[in-house]
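Trainee: I am new to this one. Could we walk through it together, one question at a time?

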Amino acid sequence: MSYDTAASHSSLQRIMSAASPEMLRSVRMQMQDGLLDQFASLHIEKWNQKVGEMHDAVMKQAAVLCEQQLVEEGFGSPPADYAFVVFGSAGRREQTLGSDQDNGLILADHDLENEEVHHYFELFGKRLSAILEMAGYPPCPGNVMVTNPLWRKTSLEWSRQLASWRDEPGWEQVRYLMIAADLRHISGNPDLTAGVRNEMYALFEQESARQESFPAAVLRNTLRHKAALNVLGQVITEQAGEHAGEFDVKYGLYLPIVNAVRYLAVEYGIHASSTIDRLSQLNQLDAVPFRWVESCQTAFDTALRLRSVTAVKAGEREQSGSGYLPQSLLKQKEIRRELREALGTVRLMYRSLQRQQRYRERKWL
């Protein structure tokens with residue numbers, strides 16, 4: 001075992017042994033310092049994997065601490081099985097060091113009239129979210145969190161909610177389904193997570209009798225985020241505000257790739273949650289040309305690296321990300337070249353998807 005691997009393993013063990021939210025935060029920040037030191041020497045996928053392992057360990061221990069606190073305060077152990085799950089970049093294993101909360105709970109089916117169970121998991125969600133915030137994870141701006149009843153449901157309620165979103169594929173409903181498509185298990189009963197994921201993908205694969213099919217609705221939503229490259233091949237930067245002249249990595253490059261690959265995963269029945277795994281399975285299925293997969297993988301690596309580069313110190317060693325590539329980096333010839341190539345790849349991806357959209361629209365006429 002190499003020194004770096006041994007150090008990483010030791011840090012993960014200390015995270016899993018943290019006895020309080022304060023200790024959890026302290027060990028996390030120490031591990032982040034070590035990861036920052038390795039950024040320049042590791043391939044971005046390997047570095048991103050290490051970051052994900054750290055986040056998973058912190059979140060798992062946060063759930064352990066949550067249970068311990070509720071027992072110590074007289075609320076007892078969980079009165080029903082549960083699964084703590086994550087969405088967004090956490091669900092895809094693509095978090096930066098400065099990550100917020102995107103999470104939910106899946107509860108074992110129980111008597112919904114049982115106020116004791118309902119109250120316990122409402123309190124559990126609030127406590128778990130508070131522990132995560134103390135550990136350095138700010139609340140999700142979109143409120144995709146265990147504190148929100150929309151993302152804290154029994155298995156049966158999840159099944160009904162997913163079916164409702166699919167049967168009325170408006171913009172918001174499809175957005176929620178695509179959030180759910182990135183669902184990944186963190187702790188608790190893994191069978192609950194597997195059950196909801198299987199139910200979700202079974203719904204995706206059903207034919208729709210509606211005028212617009214579900215895949216067509218997903219495609220329509222996907223095309224809302226396009227590569228930030230103008231017709232002359234120039235990078236589109238912010239025109240005004242505090243980030244004027246800077247490049248929005250998240251919405252200009254990263255999300256267009258994520259959304260396009262996720263759409264194709266849904267289209268071809270791929271159940272993987274990470275973009276890298278989805279690309280690998282698309283390649284195995286011969287769903288798209290190998291050169292397309294290869295170019296997309298290169299563009300995605302660029303997106304991951306630039307997202308991490310935009311992370312800045314936010315005080316007390318905490319990392320947060322502005323999400324914008326500053327002009328000083330945009331002026332660097334190599335970064336500008338890589339960014340243009342990545343955006344060019346995304347533009348070609350979206351031209352292909354637009355052709356699919358026009359075909360689907362003609363099909364339903």
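## A first walk through the model

Trainee: Is Cys 66 buried or exposed?
Mentor: Good place to begin, and keep in mind that this is a predicted model. The cut-off for buried is under 20% relative accessible area. Cys 66 has a value of 0%, so Cys 66 is buried.

Trainee: And Cys 140, buried or exposed?
Mentor: The same cut-off of under 20% applies here. Cys 140 has a relative accessibility of 12%, so Cys 140 counts as buried.

Trainee: How many disulfides does the structure hold?
Mentor: A pair of cysteine sulfur atoms would have to lie within 2.5 Å to count. The number of disulfides in the structure is 0.

Trainee: How many helices and strands are there in the protein?
Mentor: Let us start with the whole chain: the protein has 365 residues, and 51% of them count as buried. Among contacts between residues at least 6 apart in sequence, 74% join residues at least 24 apart. As for your count, the protein has 14 helices and 8 strands.

Trainee: Which residues touch the most other members of the largest nonpolar core?
Mentor: That core has 108 residues.

Trainee: Which residues is Asp 56 in contact with, leaving aside neighbours within four places in sequence?
Mentor: Asp 56 belongs to helix α3, residues 44–72. With a relative accessible area of 14%, Asp 56 is buried. The contacts of Asp 56 are Arg 184 and Ile 186.

Trainee: How far apart are the end C-alpha atoms of helix α6?
Mentor: Helix α6 covers residues 155–167, which makes 13 residues. At 1.5 Å a residue the helix should span 18 Å, and the model agrees, so the distance is 18 Å.

Trainee: What covers the buried residues of α6?
Mentor: The buried residues of α6 are Ser 155, Trp 158, Ser 159, Gln 161, Leu 162, Trp 165 and Arg 166. Their cover includes β2, β3, α7, α8 and α9.

Trainee: Where does α10 bend?
Mentor: Helix α10 runs over residues 249–267 and reaches 26 Å, close to the 27 Å expected. The bend is about 40 degrees, with Pro 256 following within four residues, and its place is Leu 255.

Trainee: Which residue just after α10 takes a positive phi?
Mentor: At the other end, the start of α10, a side-chain oxygen of Asp 248 comes to within 3.3 Å of the backbone nitrogen of Lys 250. Just after the helix, phi is about 70 degrees at Gly 269.

Trainee: How far apart in space are Gln 234 and Arg 340, C-alpha to C-alpha?
Mentor: Gln 234 lies in the loop between α9 and β5, and is partly exposed at 41% relative accessible area. In sequence Gln 234 and Arg 340 are 106 residues apart, while in space their distance is 7.5 Å.

Note on methods. Residues are numbered from 1 along each chain as its sequence is written. This is a predicted model: local features need pLDDT of at least 70, side-chain atom pairs count only at pLDDT 80 or more; totals for chains, interfaces and linings use all residues. Side-chain values use heavy atoms; hydrogens and water are left out. A nonpolar core is a set of buried Ala, Val, Leu, Ile, Met, Phe, Trp, Tyr and Cys residues joined through side-chain atoms within 4.5 Å. Buried means under 20% relative accessible area, exposed over 50%, partly exposed in between (1.4 Å probe, protein chains only). Helices (H or I, at least four residues) and strands (E, at least two) are DSSP runs, numbered from the N terminus. The expected span of a helix is 1.5 Å times one less than its number of residues. The bend at a residue is the angle between axes fitted to the seven residues ending there and the seven starting there. A polar contact is a pair of N or O atoms within 3.5 Å; within protein, one must be able to donate a hydrogen and the other to accept it, and residues adjacent in sequence count only if both atoms are side-chain atoms. Contact means heavy atoms within 4.5 Å.
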